[in-house]
Amino acid sequence: MHGPQREEHAAAARSEKGADMKEKLLEEFRSVFGREAERVFFAPGRVNLIGEHTDYNGGHVFPCALTIGTYAAAAKNSDGTLRFYSMNFKEKGVITADIGDLKNEKEHDWANYPKGVLKIMLDAGYSIPSGMDIVYFGNIPNSSGLSSSASVEVLTGYAARELFGLAVDFVELAKLGQKAENEFIGVNCGIMDQFAIAMGKKEHAIFLDTATLSYEYAPLVLGDSKLVIACSNKKRGLGDSKYNERRSECEAALAKLQTVLDIRSLGELTEEEFEANRAVIGDEVKERRAKHAVYENQRTIRAVAALQANDIEEFGRLMIASHESLRDDYEVTGIELDTLVETALAQEGVIGSRMTGAGFGGCTVSIVRADRVDAFIRNVGEAYINRIGYGADFYVVEAGCGPYTL
Ligand code: GLA
């Protein structure tokens, strides 16, 4: 991590909100474990601005970390036991696991995420010589598609790094989190969420090439506009299995294309190359899935160029095209997300709007002129409840930095 970022982290930790959160977590730790925590840590959530379902297709993504996220108060203990407690799931109580015998257990529910990342770290050879007691608190809405689980994974890895003095850098923390998700949880996700969280930078989004992990920070200069997240409150349900299904559809399409093209991923193709060869896929559905992956990657590259050229209107148009492709070709939106985007686009002062994250529920992200934000939240909220029957939640967010110690 370079200098300016370290300062950002320290400033966030020193802020009034940081101090309040630290006190709140320390107090809860005392009451749950009857002793003092050693440190309090934070890792953000993330929102993806464009580049959806491209990360496991060797394409580009453009997410940013948020200033909301997950906090953890932690201390090493003198036995080999991990004790996890979440202020968000108090009813689950303290969840206990033996550090020498970590496996995914259904009844451990949310605690499988921290267990998973510690197991992957141990398997990778990092020395975690004792157990830990940890209290978590997250202010990211659960199941919102703002990556509360990746936030917990990166946070837990970061806490272990700090408490045990592990030589693990932030890109490695992201990779370990993704591996935990893939191998311990069973979701075949790409690297985007964990990378955005581990590498976040205040007021910047990250333009990441997932094929090489080379990345560039782009200032998130939105002029007189704000980023507004609308949470559909639709639970993801079968989302994880659908996610894995999309991934295998793309892999099957790629395998067909590889019979005529020398490529390693769909992200290597331009729209023209795809159009000239798509017939070889030989399956209408898989063709549309692959088309989305190829076009979305090119859109992401163009969107970042537009933002860098201060052409926010073009950025907004590309966001809208991204949503349409996710709705029609990738089929991961659904009535809730479509309603949020459609009604958003009917409002004055909206520059762009799209679903963000895996889809099948979760959130949308919109760029809205600051003086129209209140009306936006009122109108979209009303239209949503009328059509869907329950309410959406809205958050005006800012791009924040990666993990830090409070
Ligand atoms: C989820 C996954 C990411 C990415 C997005 C879709 O958030 O965790 O790796 O694939 O869906 O873009």
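**Ligand site**

I began at Asp55, where a polar side-chain atom lies 2.5 Å from an oxygen atom of the ligand. I counted a polar contact as a pair of N or O atoms within 3.5 Å. This is a predicted model, in which local features need pLDDT of at least 70 and side-chain atom pairs count only at pLDDT 80 or more, while totals for chains, interfaces and linings use all residues. Residues are numbered from 1 along each chain as its sequence is written, and side-chain values use heavy atoms, with hydrogens and water left out.

I then checked Glu52: an N or O atom of its side chain is 2.6 Å from an oxygen atom of the ligand. Ala358 comes in through its backbone, with a polar atom 3.5 Å from a ligand oxygen. The protein covers 93% of the 310 Å² of accessible area that the ligand has on its own (Shrake-Rupley method, 1.4 Å probe).

I listed the residues around the ligand (a heavy atom within 4 Å); among them are Arg46, His53, Tyr56, Cys189, Met192 and Tyr243. The shell divides into five nonpolar, three polar and four charged residues. Gly counts as polar here, and Tyr and Cys as nonpolar.

**Helix 9**

I looked next at helix 9, residues 284–308 (a DSSP run of H or I, at least four residues). Its 25 residues reach 36 Å from first C-alpha to last, close to the 36 Å expected at 1.5 Å a residue; the expected span is 1.5 Å times one less than the number of residues. At its start, a side-chain oxygen of Asp283 reaches to within 3.1 Å of the backbone nitrogen of Val285. After the helix comes Asn310, with a positive phi near 65°.

**Second largest pocket**

I noted about 520 Å³ of space in this pocket. Thr67, Lys202, Glu398, Ala399 and Gly400 are the closest to its centre among the 25 residues that line it (an atom within 4 Å of a grid point). The lining divides into 13 nonpolar, six polar and six charged residues.

Methods. A polar contact is a pair of N or O atoms within 3.5 Å; within protein, one must be able to donate a hydrogen and the other to accept it, and residues adjacent in sequence count only if both atoms are side-chain atoms. Helices (H or I, at least four residues) and strands (E, at least two) are DSSP runs, numbered from the N terminus. On a 1 Å grid over the protein atoms alone, a cavity is a set of points where a 1.4 Å probe fits but cannot get out, and a pocket is an open set with protein on both sides within 12 Å along at least five of seven lines; lining residues have an atom within 4 Å of a point. Grid points are joined across faces, edges and corners, and a volume is the space filled by probe spheres set on the points.
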